[in-house]
Amino acid sequence: MKKYLEVLQGCPLFQGIQPEDLSAMLACLEPRVIRAARHQPILREGEPAVWVGILLSGQAQVVREDYDGNRTILTQLEPGELFGESFACAEVPALPVSVTAVAPAEAMLLDCRRITASCCNACTFHSAVVFNLLKVVAAKNLRFHEKLEITSKRTTRERLMTYLLAQAKAHNSRQFVIPFDRQALADYLSVDRSGLSSEISKLRAEGVLDCCRSSFTLL
């Protein structure tokens, strides 16, 4: 576990936990580390929703597929970010989403019940971890509402511009890099890729924006 300590220290779940306490805490929580190749699932839709996951390396996406196989990207994950915590805390019987590696990835899975239940070892850091988990769930709820604001727009152009303006605000700059390629951006916005590419071309021609792959500039 030592090689993961640097990533874990930057994880919001362990905010305020002293480095010397982290190893003892992991022994208490009994983590499980798994590895996934590109495009392989870390967690599958339909599996029991008991895990709080932490991405240790690589990249991953939380995705949902409808009955017809249409894919929607709910969020992109970078090392140190959590996944699955909302479903585990809500005690839903099965995951309604999948978590898939988009690059070779490692992830740590923690049984949510070991986090939320009283610790028999009376660990001093346990209450801090529970409080941190509550903050993470609340922050994810806010991001979910931001995503709803985007997908509630009627047209591809409105969805794209709402997303790009939010990214500019988050980066505090008119120039920024998004974590998606064209197909992934279309999946995130729940729009057709060809229609998205067409709108981007129109906006470039109108002088509204400029872009190169995942780099955008609002003009």
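Biologist: Why are α7 and α8 called roughly perpendicular to each other?

Modeller: Helix α7 (residues 182-189) and helix α8 (residues 193-205) pack at an angle of about 105°. Angles of 65 to 115 degrees count as roughly perpendicular, and α7 and α8 are therefore described in that way. Their axes, which are lines fitted to C-alpha atoms over the stretch in contact, lie 9 Å apart.

Biologist: What makes the contact of α7 with α8?

Modeller: Contact means heavy atoms within 4.5 Å. R182, Q183, L185, A186 and L189 of α7 meet R193, L196, S197 and I200 of α8. These residues divide into five nonpolar, two polar and two charged; Asp, Glu, Lys and Arg count as charged, Ala, Val, Leu, Ile, Met, Phe, Trp, Tyr, Cys and Pro as nonpolar, and the others as polar.

Biologist: How do you know what this rests on?

Modeller: This is a predicted model, in which local features need pLDDT of at least 70 and side-chain atom pairs count only at pLDDT 80 or more, while totals for linings use all residues. Residues are numbered from 1 along each chain, and side-chain values use heavy atoms, without hydrogens and water.

Biologist: What makes a residue part of the lining of the largest pocket?

Modeller: A pocket is an open set of points on a 1 Å grid where a 1.4 Å probe fits, with protein on both sides within 12 Å along at least five of seven lines, and lining residues have an atom within 4 Å of a point. Of the 39 lining residues, L74, T75, R143, F144 and Y188 are the closest to the centre. The largest share, eleven residues, comes from α5.

Key
Axes are lines fitted to C-alpha atoms, for helices over the stretch in contact, and angles run from 0 to 180 degrees between N-to-C directions. Helices (H or I, at least four residues) and strands (E, at least two) are DSSP runs, numbered from the N terminus. Angles under 35 degrees count as roughly parallel, over 145 as roughly antiparallel, 65 to 115 as roughly perpendicular and the rest as oblique.
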